[in-house]
Amino acid sequence: MKKLALLSIFLCGVLALTACSTKNSSNSDSSNNSNSSNSQSGENKTVTAYNFSAMDSEGKTITLNDYKGKKVYINMWASWCKPCLNEIPELEKTYQKLKDRKDFIFLSMTSPKDEIFKNQNPADKDKVTILEKANELGITYPILFDVNDRFITNYNIRSFPTHIFINSDGTIAKKIVGMISTENLEKEIDNLK
């Protein structure tokens, strides 16, 4: 019994170190969401990526369709999430290495609490705080802001960081929850079709 208790404590610790959960994850359920995908489950079904609509830091509306025909990587993160913050320097290095590729888009997404974004269950602080944290960490890749909880809901985001890889045909190649190494990130990007 003591070994089981220790094993349970160890597993909880590992989960806490690799991903931060959202405040309220009951707002999205993958069984009710035909647009979500988790390739780690071993299923080989093709799922079309949800055509999200988000805002950039200038207030311009950005959609997934804006990148039609390109391979897309999206990092969902939060400014309070330690694993997210720990992996950002590596994400930035990868972005710098790949940013000039014409067939590839590197994005990040957050869920701010500002009223303008109309998120019912925001997972992060306000836009100004998020951008200050991004500046402090040296992020130069595009930061998008979820609107009406559409990204979090339709991509079934339950913890941070979450990494989404979308093929050029608009299908989800993979969704990885938790921190990702530079090697795995680059491998998954290279595997995009």
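Predicted model: local features only at pLDDT ≥ 70, side-chain atom pairs only at ≥ 80, totals over all residues.

Which residues of the largest nonpolar core touch the most other members? Of its 50 residues, these are Phe52, Ile74, Trp77, Phe151, Tyr155 and Phe160. Helix H2 supplies the largest share of this core, with six residues.

**Confidence of the model**

- The mean pLDDT of the protein chain is 84, and 77% of its residues reach 70 or more.
- Residues 4-18 have a pLDDT below 50, and this stretch has eight contacts in the model beyond near neighbours in sequence.
- Residues 23-42 also stay under 50 in pLDDT; for them the model has 41 contacts beyond four places in sequence.

**Overall organisation**

- The protein chain contains five helices and nine strands.
- Read from the N terminus, the order of elements is α-β-β-β-β-α-β-α-β-α-β-β-β-α.
- Of the 193 residues in the protein chain, 45% count as buried.
- Among contacts between residues at least 6 apart in sequence, 71% join residues at least 24 apart.

**The sheet**

- Seven strands make up an open sheet with mixed pairing, in the order E3-E2-E6-E5-E4-E8-E9.
- Strand E3 (61-63) and E9 stand at the edges with a single partner strand each, so one side of each has no neighbour in the sheet.
- From one strand to the next, the twist averages 30°.
- E5 and strand E6 (residues 143-146) pair in the parallel sense over three bridges, and serine 108 stands opposite isoleucine 143 in E6.
- Helix H3 (residues 127-137) packs on the sheet, where it touches E5 and E6. The direction of H3 makes about 155° with that of E6.

**Helix H5 against the sheet**

- H5 lies across E4, E5, E8 and E9, and runs at about 25° to E8.
- Within helix H5 (residues 182-190), the residues Thr182, Leu185, Glu186, Glu188 and Ile189 are buried.
- Viewed down the axis of H5, these buried residues fall within an arc of 160°, so they line one face of the helix.
- An α-helix has 3.6 residues a turn, so residues three or four places apart point the same way.
- Glu183 and Asp190 are exposed residues on the face of H5 turned away from its buried side.
- The cover over the buried residues of H5 includes E4, H2, strand E5 (104-110), strand E8 (162-166) and strand E9 (172-177).

- Threonine 94 is found in helix H2 (residues 82-98). It counts as buried because its relative accessibility is 0%, where the cut-off for buried is under 20%.
- Beyond its neighbours within four places in sequence, threonine 94 is in contact with Phe106, Thr182, Leu185, Glu186 and Ile189.
- Leaving aside neighbours within four places in sequence, methionine 76 is in contact with Met109, Thr110, Ser111, Phe151, Ile152, Ile157, Phe160, Pro161 and Thr162.
- Methionine 76 and aspartate 146 lie 70 residues apart in sequence, and their C-alpha atoms are 9.8 Å apart in space.

**Backbone features in loops**

- Phenylalanine 160 and proline 161 are joined by a cis peptide bond, with omega about -10°. Proline 161 is in the loop between strand E7 (159-160) and E8.
- Lysine 118 has a phi near 55°, a positive value in a residue other than glycine. The residue is found in the loop between E5 and H3, and lysine 118 is exposed, with a relative accessible area of 52%.
- Asparagine 148 also has a positive phi, about 55°, although it is not a glycine. Asparagine 148 is found in the loop between E6 and helix H4 (150-154). With a relative accessible area of 35%, asparagine 148 is partly exposed.

Note on methods
Residues numbered from 1 in each chain as written. Heavy atoms only, no water. Helix = DSSP H or I, 4+ residues; strand = E, 2+ residues; numbered from the N terminus. Buried < 20%, exposed > 50% of the residue type's maximum accessible area, 1.4 Å probe, protein only. Contact = heavy atoms within 4.5 Å. Core = buried A, V, L, I, M, F, W, Y, C linked by side-chain atoms within 4.5 Å. pLDDT = per-residue confidence, 0-100. Arc of directions from axis to C-beta. Pairing = 2+ DSSP bridges. Axes fitted to C-alpha atoms, helices over the stretch in contact; angles between N-to-C directions.
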